Amino acid sequence: MDSLSLLDHPFHTPGGITSPREYFNRLFSSEFDFEKYSARGGMLEAILSLSENRILHSEDMFCSGSLAYWEIRGLRKSYIRDDSGDYILFTPLSMEKPENANRKYPLIFTICGFNDEIDLVETLGFTHLAAEEELIQVLPLIFDPNREPALDRDRPYTLLDRLKKDLPVDETRIYMTGFSHGGILSQWNGIAHIDCFAGAAAAGIRPGDGAPRRIQLPGFFYYDYPVDERRKKLHLPIVLCIGMAEQPEHIPLYHENTAPVFEHYLDEHVMHLRYITRLNEISDLDGSDLLACRDSPNDSERVLGLPLVNTKTEIYFGVNHYFGDLASSDGVCRTRFIAVENQPHHPSAAWARLSWDFLKHFTRNPLTGESVYNP
């Protein structure tokens, strides 16, 4: 099916029937160009391609057609009911072959935002990546109304013992991924349970997002990131992918957004950055470091508002993706940023692949907790 033909296709949500066009037109900032976004061969077409299964089978995501969609791609999709909360599990079909009885598989968690539609998460690119790379993927149900919010915060970590017991998990290669509030939970789990996760990928958030701020929104959960001396020795490889047309604007980090919601300030950016930089052998940045990037001749530094190394600009689906890493004192870059031109509050269709190509070089020693870089 032509992906762009899905733009006005109705699909069911708990809030009623909507369409991709209506959905995406709620996500953008004043800088967003929908005409460019929806051009033939562009970003929206690629995202609709990732979303095809959900759009066509939104009334029953476990119907035969939906399950067949993933089986053709090499994945078994299962809904697991658990006494502490449900989750969707994707496992490679190769796992069921006798010749692979002793094979171990990397595991990735993927979490969405304030949304109990865990089916939405399979449209974000990591499920398609799991099919391509033969990964186990777990989509936990977050914000179950019958559970305390704190349990949702730790949900991936609390599932690990069961998953490692029931599945052939490569314990050196367990990763957190998430979008929006799911990105916050990915960062938080990556730091709080740093011994368990080999890396994290977050989209639609700023570094350290979700930590207590000057202005706290009612109904939003805030988390204290436990960065202590023990964790600083273990490191957390992380990729943050941020849209340049999100609402509210997340970048550049020297920009102070005083919009009525999600206000953020330079001193908060500096403070929240340290939750990441202090884990990854990176010198503390201050406000002057960020402000100096306003006039940088380097596109990535100017767009993101950070002093970066390994900068480059690459085009995916007709859109500029600006890359840069924060330099570490030991020479191993563990902190990567990607800014996506004209991208609203939805991950780039390239997010999963670009994040995996960075994170796959890092493993975690399950006995010592040490992060290992594998060039």
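**Cavity lining, paired strands and local backbone geometry**

The second largest cavity is lined by R206, P207, D209, R213, L253, H264, E268, H269 and H272, where a cavity is a set of points, on a 1 Å grid over the protein atoms alone, at which a 1.4 Å probe fits but cannot get out, and where lining residues have an atom within 4 Å of a point. The model is predicted, so that local features need pLDDT of at least 70 and side-chain atom pairs count only at pLDDT 80 or more, whereas totals for chains, interfaces and linings use all residues. Residues are numbered from 1 along each chain as its sequence is written, and side-chain values use heavy atoms, with hydrogens and water left out.

About 60 Å³ of space lies in this second largest cavity, a volume being the space filled by probe spheres set on the grid points, which are joined across faces, edges and corners. Its lining divides into two nonpolar, three polar and four charged residues, with Ala, Val, Leu, Ile, Met, Phe, Trp, Tyr, Cys and Pro counted as nonpolar, Asp, Glu, Lys and Arg as charged, and the others, Gly among them, as polar. By the same rule, the count comes to four cavities of 30 Å³ or more.

Secondary structure was taken from DSSP runs numbered from the N terminus (helices, H or I, of at least four residues; strands, E, of at least two), and two strands pair if DSSP finds at least two bridges between them. Strand β9 (residues 238-243) pairs in the parallel sense with β12 over six bridges, and with strand β8 (residues 199-203), also in the parallel sense, over four bridges. Strand β11 (residues 319-325) runs antiparallel to β12 and is joined to it by five bridges, with G324 opposite F337 in β12.

Burial was assigned from relative accessible area (buried, under 20%; exposed, over 50%; partly exposed, in between; 1.4 Å probe, protein chains only). Strand β12 (residues 335-340) has six of its six residues buried, with T335, F337 and A339 on one side and R336, I338 and V340 on the other. In β9, likewise, six of six residues are buried, I238, L240 and I242 pointing one way and V239, C241 and G243 the other way.

Helix α3 (residues 43-56) has 14 residues, which at 1.5 Å a residue should span 20 Å, in agreement with the 20 Å between its end C-alpha atoms; the expected span is 1.5 Å times one less than the number of residues. Of the 14 residues of α3, 12 are buried, among them M43, L50 and I55. Helix α13 (residues 351-359) has seven of its nine residues buried, including W351 and W356.

Most residues other than glycine have a negative phi, and most peptide bonds are trans. A cis peptide bond, with omega about 0°, joins I251 and P252, and P252 lies in the loop between β9 and α10 (266-277). Phi is positive, near 55°, for E134, which is found in the loop between α5 (126-133) and β6 (136-140) and counts as partly exposed at 27% relative accessibility. For N310, phi is also positive and near 55°; N310 is found in strand β10 (residues 309-316) and is partly exposed, with a relative accessible area of 47%.

How values were computed:
1 Å grid on protein atoms, 1.4 Å probe; cavity = no way out; pocket = protein on both sides within 12 Å on 5 of 7 lines; lining within 4 Å.
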